[in-house]
Every structure is written in structure tokens, then in C-alpha cells.
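Dear colleague,

I am handing over the structure below, together with some notes on what was found in it. Please read the notes with the coordinates open beside them.

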Amino acid sequence: MDTSQEPAAVAVPMTSAPAQQPRPHVLLVAAPFQSHVNPLLRLGRRLAAKGLLVTFTTALRAGIRLAPGDGDGDGDSGGGRLRVEVLRGGGIWAPDDPRFRVAGDMARHVEAAGPAALEELVRGQAEAGRPVTCVVANAFVPWALRVAGELGLPRAMLWIQSCALLSVYYHHVHALAAFPEADAPGSVAVALPGVPDLEYDDLKPLLIYVSGHDLWRQMLLEDLGRDRDAMPPWVFVNTFDELEHPAIEGLREHFPVIPVGPLIDPDADSDGDGEDGCTAWLDARTPRSVVFVAFGSLVNNESDEVAEIAAGLTATGRPFLWVVRDDNRALLSADALAAAACGGRDCRGKVVPWCAQGRVLAHPAVGCFVTHCGWNSTAEALAGGVPVVASPRWSDQRINARFLVDVHGVGARAPTPLTRDALRERVEEVMGGPEAEAMARRAASWKEKARAAVRGGGSSDQGVQAFVDQIRRAGSWH
């Protein structure tokens, strides 16, 4: 075959394919409290489920629980799974260091050692091919946002309490409303945009008034005391529009508020091996029959109150699940513990040191939640559709109880400390009294609204998606 007429071969220069841009990488920074860790983890899982690379970090201390689906090391994240990189370096204490047990000492230490450890972590992520795109930190971790700003990284803050409380603090820090003096006589109401009038008794457990909390007040001032233009462009709040619409709109006049709650994920937070058989025990109970009692990870009940709770639960004649942390269990006498629970399938009561609270509140057997009204517990009760007996202790808990009982009508207020008679009477009011069915219906309605908010296209999901879209656009990621 004559090939003389074939065109000469043309050398085509080899061009390399354009380098693939890394996915946007969001770094989450939490204070080492379980009540701070949980909401940020849940927000992170939602971001990961939408395709972002998400890494969670904190100065991990003994007792902090992470979900078994969240991993560490060099693995990728996706489908709702997070990477976990513990803060190291900078002199961060070891997880089992006993100094972590004192909240103030812990906060001062992390404030001092955290910045260097965070800078080291950010550099390490870049060297590993995972440059950080944005830092999201809880409130009360102002040093993390400070470091992010110094590194030129976009910043966002997650407020883990209600929008009403955020409004209280913001208006106080910026002197936008008249607040009573600490020793003001009588009842003084404070009016804030979109928030029901709050009495001095509602406010006095807050950082505004409580003495001996200068460190926390200083962190709050750093978080919220910035001029409007200096606020992080994204301020996420663990609430949902249907729950606090007036408060959200009132605060948006001052800075961007993005409701992303309720930040609950019962399945991700549960560990079947660590629940002490709670789910199996609840499965054997009839619907709406169980009294669930839990006071969070920080409340320490006095010995007299623990004995009163034990007697009150026994007096209700109803099955109950009671979370008594190991550090409180010593306050239960052997007789009281034996009377309260035996742990078997047919026992009326069950006492455990820990449970996956969101999972328990989502169980149909639970008919009443005796709670200190921390915001995580408040959100989980509403999302679970469970009426409450409210026994608030400090901080925002009185305000949360006010909303649950007086505004949303899903519970009854109990004294603090609890007494056996008050506990028995309030449980009966919530589970069998004349208003019990109405409370249950209202609670069920909030359950549906909460779940609708976080479903695809819901009010809170829209806020999360808008953040994801903006992060992607900012870096031209496809």
C-alpha cells in the first residue's frame, strides 16, 4: 500500500488535565462541654451530607462522647460523616487531666493554649491537601474566630441556645434596652423585640447578673460586642423559624441570624452498646407511659433532692427511666436505689448513668420529661413531642421553662429543688390531669413542625443550604 500521500504525523503537545480543586473544607471548633459539642457535631453532619468536607475539633477531655459514625485520621467525610482531629500542641492538657474537671480552669486553659493548637491544626490540614475554607465555632470560643480572622479565613458562629436568649445578651451588651439593676426591688419587666416580657427573676441567673463569672462574661462580650460590620457573616442559631419567628426577625435588624435547628440527630447520637439497654426496656412499655428524668451533663443534685426524686418517682406509680450520672449516684442510698429500679424487663423503674437522650425522647413509650430545661433538652423535648415537667436551675433555663410552660403550653412548672410531692403532682398533671391531652396534642404539633424545619426544603434546611451554596461560590468549587 502506497503511503506516500498520507499526511505527515503532527505532534500534538500533551496538556495535563486541570488540577482538581479540593472540596470546601469546614473546620468546626467547640468548647469541651458535651452540651456545646453535640449541636456543633449535628450541624457538621448536615454540612457533610450536603457534600462539604467537615472536620470537628475540640480540646477533648475524658467524658466527652462522640458518635461512633464520626471518625478521625486522614479519612474523607461525606454522607453525614465527620472527620475528627483533636486539638493538640500548644500545651493542651491530656484528656484525663484532672484540671479539666473545673469548668473555669478548663476555659482559661483552652483560651490560653487553644490558639496555637488551632493554628497548628489549620497548617496541618493545608499540608495534607485539605486547606480549610471556613471556621465555624461555638459561642464562648472567641479565640477560634480570632485565629480564623488572623489567618484570613471566613468565620461563622453557632449560638447553641435560643434566639430569645441571644437577643437578651445582644441588647444588654450594646445597651439597646433598659435592664434592671442587680438589686432592683420588686418585679421589673424587660421588653425586647419579638420576645415576651421577661421578669427580673427570669434574668437574674444570666451572666448579666451572676457574680464570679467574669471569664464567661468577657468571652460573651468578645462574641457579641463587635460592631455590626465586624460580626461573623453567618450567625447560626439552634432554633427554627416556626418556634421563634418574632425573636429571629427582631434580631435580624442588627445582624444576620440563620436558624438551623433543632440540631438533633437521635440515631447518630445513639450507641446501642452504651445505652445500658434503654431502648429494649422502653420497647417493652406501652405508649406514653414512661416518665423520663434527666438533668443534663452539668447539674449536680444535692443528696436531699436525689432522695426526694427517688421517692417521688416511686409515688407516681408509673414506669420511669432516670439518668443518674456516676458523680450523683453516690448520693442515692442503697435502699433508695433498690426501690427505684432493678433494671429488669418487668421492673417499673430503670436507673442508668447515661443514655442517648434524643433517642429516648423520640421513643413512643415516653410520655413525660422531667428536665432542667437546658436548651438542648428543650429542643429535644419539642422535637420528640414530649410534654415536660420543668425544674430550671441556672443560666437560660428559667427563660426556656417560661416558653415551654407559658408560651407553648407543653408542660407544668415544678419547684427547684424538687420535692417528692411536687414531682408526683406535676407528673400527674402532665400525664393524667385535665390538661394532659391538650398538652400532648400541642407537643405533637411541635414535633411535626420541628421535623419539617430540618427536612429538605424546610426553614432550617434552607439556611444550611444557603451557607453551603455561598461557601461553594466563594471558592468557585463545582
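Axes here are lines fitted to C-alpha atoms, for helices over the stretch in contact, and angles run from 0 to 180 degrees between N-to-C directions. Helices (H or I, at least four residues) and strands (E, at least two) are DSSP runs, numbered from the N terminus. This is a predicted model, in which local features need pLDDT of at least 70 and side-chain atom pairs count only at pLDDT 80 or more, while totals for chains, interfaces and linings use all residues. Residues are numbered from 1 along each chain as its sequence is written, and side-chain values use heavy atoms, with hydrogens and water left out.

To begin with the helix pairs, the axes of α4 (residues 163-173) and α7 (residues 241-252) come within 9 Å and cross at roughly 30°. The two helices are therefore roughly parallel to each other (angles under 35 degrees count as roughly parallel, over 145 as roughly antiparallel, 65 to 115 as roughly perpendicular and the rest as oblique). The crossing of α4 past α7 is left-handed, a term used if the near helix is turned anticlockwise from the far one by less than a right angle, with right-handed used if clockwise. On the α4 side the contact (heavy atoms within 4.5 Å) is made by Cys163, Ala164, Leu166, Ser167, Tyr170 and His171, and on the α7 side by Glu244, Ala247, Ile248 and Leu251. These residues divide into 7 nonpolar, 2 polar and 1 charged, where Ala, Val, Leu, Ile, Met, Phe, Trp, Tyr, Cys and Pro count as nonpolar, Asp, Glu, Lys and Arg as charged, and the others, Gly among them, as polar.

Helices α10 (residues 303-316) and α16 (residues 420-432) pack at an angle of about 40°, with their axes 8 Å apart, which makes α10 oblique to α16. Here the crossing is right-handed. Arg420, Leu423, Arg424 and Val427 of α16 meet residues of α10 that include Glu308, Ile309 and Leu313, and the residues of this contact divide into 6 nonpolar, 2 polar and 3 charged.

The largest share, 4 residues, comes from α17. By class, this lining has 11 nonpolar, 4 polar and 2 charged residues.

Finally, some backbone details deserve a look. The peptide bond from glycine 261 to proline 262 is cis, with omega near 0°, and proline 262 is found in the loop between β10 (258-259) and α8 (266-269). Another cis peptide bond joins threonine 416 and proline 417, with omega about 0°; proline 417 sits in the loop between β16 (411-413) and α16.

Best wishes
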